Structures are given as C-alpha cells and as structure tokens.
Amino acid sequence: LKGRTLSSFVDVLYMMFENAKTKSLLKKDEVNINISLLHLDNDNVELTISNSCKEISDIEQENINLDEYRQKYLSYINYLTFAQGEGNTGLIKIAKILNQDLDLNHTMKIGYTSKDTFEIKFTFYDFSKVTDNAYIDC
C-alpha cells in the first residue's frame, strides 16, 4: 500500500478493533477478533472483521437496530462535524477515510452473524488504485 493509503488503512483497522473491544460488552481479554482479506475477482477485495460479543437474544431485531448506523455510514457527509468528537463516531470516520481520503468505491455491511458474533464487511472495487500495483496474496 502507498504511504498515505497505508496510514489510512491502519486508522480504519484501529477504529474497527477498538469498536470490537468496546462495543462487544465483554471484558477486553474475552473478545476474540478475526480478520480476513479475500481477493474475489478481477480487482475486487473483501475485508471482513468479526468479533465475539455478549450473547444477544434476537439476531433479527438487533440487526434491524443497526439500521441507524448503516444510514449514518451512507450519509456520513452530514455527520462530519459530529465525528470530530469522540464516541459513536467510528463508522462516520471510517466512511470519510474510505470515501473522501482514499476515494474507494466500496460497500459496507454490518450485523450479527450469530447470537455471539458481530461482523463488519467491506467489499472494495478497483482496489489496485490503492495498492500501487503490488502483488497481494489474499
């Protein structure tokens, strides 16, 4: 990754790891975090981070409850002033980095995949624009 791009991805990963630790409602040493980077086809890459979390009772309802975060991510530009503070701003900051700073065409999905696992998944299109033509073995 190019210098500025590497720094931006480090920031994104840090925020995602920090959210996993603080939002899981588990003790910090009980949170398990998994990360995968998968080359899909052509120039498309999927980054997935999942983490253990306190068990929830209703996956469907909890995923519906995340709609507010999905909407804020899609319309992050309206929340940039709010995102200059701390707390509940991680996704807005990530959206700003990926959309404005890196100008990456991508999609983002968040949700519970089981009663005790939360996942955030990014699919990046035209990923080579940030890899400087380096070979990435995913």
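## Two helices side by side

Helix α3 passes helix α4 in a right-handed crossing, meaning that the near helix is turned clockwise from the far one by less than a right angle. This is a predicted model, in which local features need pLDDT of at least 70 and side-chain atom pairs count only at pLDDT 80 or more, while totals for chains, interfaces and linings use all residues. Residues are numbered from 1 along each chain as its sequence is written, and side-chain values use heavy atoms, leaving out hydrogens and water.

The axes of α3 (residues 67-74) and α4 (residues 90-101) come within 8 Å and cross at roughly 30 degrees. That makes α3 roughly parallel to α4 (angles under 35 degrees count as such). Who meets whom? On the α3 side are Y69, K72 and Y73, and on the α4 side L91, I92, I94, A95 and L98, where contact means heavy atoms within 4.5 Å. Seven of these contact residues are nonpolar, none is polar and one is charged.

## Aromatic rings

Across the whole structure, a search finds six aromatic pairs (ring centres within 6.5 Å). In one of them, F9 and F124 have ring centres 5.8 Å apart and planes at 75 degrees, so the pair is edge-to-face (over 60 degrees). This pair joins distant parts of the chain: F9 lies in helix α1 and F124 in strand β4, 115 residues apart.

The rings of F122 and F124 have centres 5.9 Å apart and planes at 10 degrees, so this pair is stacked (under 30 degrees). F122 has 0% relative accessibility and counts as buried (under 20% relative accessible area, with a 1.4 Å probe and protein chains only). F124, at 1%, is buried as well. Together, F9, Y73, F122, F124 and F127 form one aromatic cluster.

Key:
Axes are lines fitted to C-alpha atoms, for helices over the stretch in contact, and angles run from 0 to 180 degrees between N-to-C directions. Helices (H or I, at least four residues) and strands (E, at least two) are DSSP runs, numbered from the N terminus. Angles under 35 degrees count as roughly parallel, over 145 as roughly antiparallel, 65 to 115 as roughly perpendicular and the rest as oblique. Ala, Val, Leu, Ile, Met, Phe, Trp, Tyr, Cys and Pro count as nonpolar, Asp, Glu, Lys and Arg as charged, and the others, Gly among them, as polar. Buried means under 20% relative accessible area, exposed over 50%, partly exposed in between (1.4 Å probe, protein chains only).
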